[in-house]
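Please look over the sequence and the fold below before reading on. The text after them goes through the packing of the chain.

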Amino acid sequence: DRQGMTRIAAIGEQERVRAYALAGVLVAAADDAGAARAAWRALPPDVGLVILTPAVQAVLAADGLDQHDERLFVVLPA
């Protein structure tokens, strides 16, 4: 029973995030800025932690999207 638990998601270039799916992480491939924005906006409300690649974090930071959200995020090393 996972009631009350949050999920983990990963957004980034497919080659960098696809393996996270093996651990049960919700993976959204985002190989360009538009896909990164769309993936962030499409995150389900039960996602509490988002793993970002540096390229995706740069896009989201430039747009200010990551500043107006309660989710925690971490950025993978370059």
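What follows goes from the nonpolar cores to the helices and then to single residues.

This is a predicted model, in which local features need pLDDT of at least 70 and side-chain atom pairs count only at pLDDT 80 or more, while totals for chains, interfaces and linings use all residues. Residues are numbered from 1 along each chain as its sequence is written, and side-chain values use heavy atoms, with hydrogens and water left out.

The largest nonpolar core has 14 residues, of which Ile11, Trp40, Leu43, Val50, Leu52, Val56 and Leu60 touch the most other members. A nonpolar core here is a set of buried Ala, Val, Leu, Ile, Met, Phe, Trp, Tyr and Cys residues joined through side-chain atoms within 4.5 Å. Buried means under 20% relative accessible area, exposed over 50%, and partly exposed in between, with a 1.4 Å probe and protein chains only. At least two residues of this core come from each of strand S1 (7-12), helix H2 (33-41), strand S3 (47-52) and helix H3 (54-63). These elements are DSSP runs numbered from the N terminus, helices being H or I with at least four residues and strands E with at least two. Apart from this core lies another one, of five residues, including Ala10, Val17, Ile51 and Leu76. In soluble globular proteins, nonpolar side chains tend to be buried together.

Leu43, a member of the largest core, is in contact (heavy atoms within 4.5 Å) with Ala9, Ile11, Val50 and Arg71, leaving aside its neighbours within four places in sequence.

Which residues of H3 are buried? They are Val56, Val59 and Leu60. These residues lie on the same side of H3, because they cover an arc of only 95 degrees around the axis; the arc is that of the directions from the helix axis to the C-beta atoms. An α-helix has 3.6 residues a turn, so residues three or four places apart point the same way. The cover over the buried residues of H3 includes S1, H2 and S3. Just after H3, Gly64 has a positive phi of about 75 degrees.

In H2 the buried residues are Ala36, Ala39 and Trp40. Their arc around the axis is only 100 degrees, which puts them on the same side of H2. They pack against S1, strand S2 (26-29), S3 and H3.

How do the two helices meet? The axes of H2 and H3 come within 9 Å and cross at roughly 75 degrees. Axes are lines fitted to C-alpha atoms, for helices over the stretch in contact, and angles run from 0 to 180 degrees between N-to-C directions. H2 and H3 are therefore roughly perpendicular to each other, a term for angles of 65 to 115 degrees. Ala33, Ala36, Arg37 and Trp40 of H2 make the contact with Val56, Val59, Leu60 and Asp63 of H3.

Ala36 in H2 is buried at 1% relative accessibility. Not counting residues up to four places away in sequence, Ala36 touches Ala30, Val56, Val59 and Leu60.

Ile51 belongs to strand S3 and is buried, with a relative accessible area of 10%.

Ala28 lies in strand S2. Leaving aside neighbours within four places in sequence, Ala28 is in contact with Ala10, Ile11, Gly12, Val17 and Ala39.

How values were computed: Parallel < 35°, antiparallel > 145°, perpendicular 65-115°, else oblique.
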